[in-house]
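Me: I have a model open and would like to talk through the terms used to describe it. Could we take them one at a time, setting each value against its definition?

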Amino acid sequence: MSELPSGDEDVMLPLFPQLLPGLEVLERGVDEVQIGLDPRHGVVASGLPPSVIEALRSIDGRTTVHSLLALAESEHTEQLRDVLTGLTELGLVSEADPPTHSAEPGVEAGLWSLRSGRDQSRTKARRAHCAVVVRGDGRLAVAIAVLLAKAGVGHVEVAAEGTVTEHDVGCGYTDDDIGVPRRKAAAGAVRRSNPATRTGRLVGGDRLPELVLLTDAVVPAPEVVGLLVQDGVPHLPVRVRDGIGIVGPLVIPGRTSCLRCADLHRTELDSRWPRIAGQLAGRPQRADLADVQACAALAVAQTLRVLSPADKPPPVWNATVEIDPYAAKVKHRWWPPHPRCHCGAR
Ligand SMILES: [Zn+2]
């Protein structure tokens, strides 16, 4: 755990400071506190008088920074300001959301800012402007859509065919949805997760989504993939294959390796792959709930990274990430552009 650095004078303190969700001020000794548990971002502040520690305990997102500073004895105000500045600079303290008077559930950006280095409000604003299509006829599609809505993605369309069956329920669809068209039931699940999320049709509309997730089928339907490539729309396959959740490769047409690149690599490993793939194309695979939830969580985290591009590409760039909940293993598999594919990726 590292020592809290001295705050940079140029850092603006939030008007209503709040600790990131889940973080607490923990006592390590009479004059020492720790904030955060993970050594990557947790810090220790020492040499603190009791009034400063008391003020730090009062950071709740509802108390103004001026009221907090007034809690410290006058000779310690600058020390408290320095600690608050240091915490703000590290992203452990941020501006609280404006108070809401509605009973609607809020959006969760969680601890994302610690990993991404971006502040909470910018992350939320960016997500709110994003549109994602989740195309799939099984449990994964709805599980992913519900999580994306709760994370604050502004528009989440589930493009699903058919009606909900008893094999679909458990991670978004309910028993009452059985027999209801999946598209309609999934939109209901998204609205339950976040009533502010738009769910209308993006497919075929003027607004291209930032990302299309192709879920549930081990092999996405070639005609769907062809249209996405033609329109230059980024897409990400997500499926559970025999108990292993697989996310990726992320396809940014013309930049990353495409699904045809992956097929060419697979065919080199197994010459009969095209025949197998033809039988699987567009067909949803049934999967256990735990495998679905693990895979959905991984897919959502990668999706949120795609929606907030950073200097470092996400792990699904030219690669798949496989999660095996039974063996508790995660594997990365590299799928580089194939020299015989004409998708333009190098
Ligand atoms: Zn390709």
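Reply: Let us begin with pairing: two strands count as paired if DSSP finds at least two bridges between them. Please keep in mind that this is a predicted model. With that in hand, 7 strands form an open sheet in the order β8-β7-β9-β10-β11-β12-β13, and the pairing is mixed.

Me: What makes β8 and β13 the edges of that sheet?

Reply: Each of them, β8 at 155–159 and β13 at 329–334, has a single partner strand, so one side of each is left without a neighbour in the sheet. From one strand to the next, the twist averages 15°.

Me: How do you know that β10 and β11 are paired, and in which sense?

Reply: DSSP has to find at least two bridges, and β10 (residues 235–241) and β11 (residues 244–247) have 4, in the antiparallel sense. One place to look is Arg239, whose bridge partner in β11 is Ile246.

Me: What makes β9 count as mostly covered?

Reply: A residue is buried if 20 or more other C-beta atoms lie within 10 Å of its own. In β9 (residues 211–215), 5 of the 5 residues are buried. Both faces are covered, with Leu211, Leu213 and Thr215 on one side and Val212 and Leu214 on the other.

Me: And why is Cys295 called buried?

Reply: The cut-off is 20 or more, and Cys295 has 28 C-beta neighbours inside 10 Å, so Cys295 counts as buried. Cys295 lies in helix α11.

Me: Which residues does Cys295 touch, leaving aside those up to four places away in sequence?

Reply: Cys295 touches Leu140, Val238, Val240, Gly245, Val247 and Ile323. For a sense of distance, Gly91 is 204 residues from Cys295 in sequence and 29 Å away in space, C-alpha to C-alpha.

Me: Why are α6 and α11 called oblique to each other?

Reply: Two packed helices are described by the angle between their axes and the distance between the axes. Here α6 (residues 139–150) and α11 (residues 289–307) pack at an angle of about 45°, with their axes 9 Å apart. Roughly parallel would need an angle under 35 degrees, and roughly perpendicular covers 65 to 115. The pair is therefore oblique. As for handedness, α6 passes α11 in a right-handed crossing.

Me: Which residues make the contact of α6 with α11, and how do they divide by type?

Reply: From α6 come Arg139, Leu140, Ala143, Ile144, Leu147 and Leu148, and from α11 come Val292, Gln293, Cys295, Ala296, Ala299, Val300 and Thr303. They divide into 10 nonpolar, 2 polar and 1 charged.

Me: Let us turn to the sheet with β3 in it. What is its strand order, and what makes β1 and β3 its edges?

Reply: This open sheet of 4 strands has the order β1-β5-β4-β3, with mixed pairing. β1 (2–3) and β3 each have a single partner strand, so one side of each is left without a neighbour in the sheet.

Me: How do you know that β4 pairs with β3 and with β5?

Reply: β3 and β4 (residues 32–35) are joined by 4 bridges and run antiparallel, with Gly29 opposite Glu32. These two strands form a hairpin with 2 residues between them. On the β5 side (residues 43–45) there are 3 bridges, again antiparallel, and Gln34 stands opposite Val44.

Me: What makes β3 hardly covered?

Reply: The count of buried residues among the 5 residues of β3 (residues 25–29) is 0.

Me: How many residues, helices and strands does the chain have, and what share is buried?

Reply: The protein chain has 11 helices and 13 strands, and 38% of its 346 residues count as buried. Its C-alpha atoms fill a box of roughly 75 × 45 × 40 Å along the principal axes. Among contacts between residues at least 6 apart in sequence, 68% join residues at least 24 apart.

Definitions and conventions:
Residues are numbered from 1 along each chain as its sequence is written. This is a predicted model: local features need pLDDT of at least 70, side-chain atom pairs count only at pLDDT 80 or more; totals for chains, interfaces and linings use all residues. Axes are lines fitted to C-alpha atoms, for helices over the stretch in contact, and angles run from 0 to 180 degrees between N-to-C directions. A residue is buried if 20 or more other C-beta atoms lie within 10 Å of its own, exposed if 12 or fewer, and partly exposed in between; C-beta atoms are placed from the backbone. Angles under 35 degrees count as roughly parallel, over 145 as roughly antiparallel, 65 to 115 as roughly perpendicular and the rest as oblique. A crossing is left-handed if the near helix is turned anticlockwise from the far one by less than a right angle, and right-handed if clockwise. Two residues are in contact if their C-beta atoms, placed from the backbone, lie within 7 Å. Ala, Val, Leu, Ile, Met, Phe, Trp, Tyr, Cys and Pro count as nonpolar, Asp, Glu, Lys and Arg as charged, and the others, Gly among them, as polar.
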